[in-house]
Amino acid sequence: MSLPEGVFLVMSAVAIVSAVLAVGSRHLVHAALWLVVTLGAVAGCFVLMTAELLAWVQVLVYVGAVVVLVVFALMLTRSPTGARSAEVTANRPVAAVLGLLAAVGLGATVVAGFRGERITGARPGTAESIGDALFTHWVLGFEVLSVVLLAALVAAIVIARSGSER
Amino acid sequence: MPLLYPLLLSAALFGIGLYGVLARRNAVLVLVGIELMLNAVNLQLVAYDAWFAETLHTGQVLTLFVIALAAAEIGLGLAIVLAMFRATGTIDVDAVEREVEA
């Protein structure tokens, strides 16, 4: 086993354990912080698959912005932050079975489809190569996405304000 | 690197995220589960991109799009959660459901 494979397996283990803690922790703020560890480990996996630009975007957008938003929302909604503050619903066993079924089903599908395939000679996703592809071939999608982001921003402001006027 | 490593990691993260969406009572933590599922999708896209080794980087560009959409989604989702908190005084999904039914 080569060094990147070993590092990838370690990163995978970190990601899975911290993801389980992020959805299972009884402590509300801890759950949000375990999400940081999961997203960081996924960023590490991106680096090992030569997607270096995406790894940085993942760290900036997810770890930087999304998790801060989540913690802000926990604060603004005055969620209880002590131990046992994150209660689970009564349908937890059903949720566990469905999650397990989804993971096993997807896992069986990819094993059946891609067993034995190896990643060799991947083209590194540097800022230059991704930028080239993004601003030549994918520029229409990029522009549509900027409109979507603007619409989401305006909608978020409208929704958050309309509640306070009532 | 075997292509199966990232794909199996992605399947596991998707299952864990689905459990989080279904089992959590706090609406903000439901959104955390959705983020985990989106990250599983991103891992698949990057893995296929590295496997195909194509010049247009379809997988990585689509991953960029998904990350941007996820940022828009969590912004909107948290705005809705805040509006829900103002209207009902709680972000417990089950309690809000009971209140709507009552």
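Biologist: At what angle do the axes of helix α1 (residues 3–24) and helix α2 (residues 28–48) of chain A cross?
Modeller: This is a predicted model, in which local features need pLDDT of at least 70 and side-chain atom pairs 80 or more, while totals for chains, interfaces and linings use all residues. Residues count from 1 along each chain as written, with chains lettered from A and ligands numbered from 1 in written order. Helices here are DSSP runs (H or I, at least four residues) numbered from the N terminus. The two axes, lines fitted to C-alpha atoms over the stretch in contact with N-to-C angles from 0 to 180 degrees, come within 8 Å and cross at roughly 160 degrees.

Biologist: How is α1(A) oriented relative to α2(A)?
Modeller: Their axes cross at roughly 160 degrees, and angles over 145 degrees count as roughly antiparallel. That crossing therefore makes α1(A), relative to α2(A), roughly antiparallel.

Biologist: Which element gives the largest share of the side of chain B that touches chain A?
Modeller: There, 64 residues of chain B are in contact with 80 residues of chain A. The elements giving two or more residues to chain B's side are α1, α2 (27–52) and α3 (58–88) of chain B. The largest share, 22 residues, comes from α3(B).

Definitions and conventions
Parallel < 35°, antiparallel > 145°, perpendicular 65-115°, else oblique. Contact = placed C-beta atoms within 7 Å.
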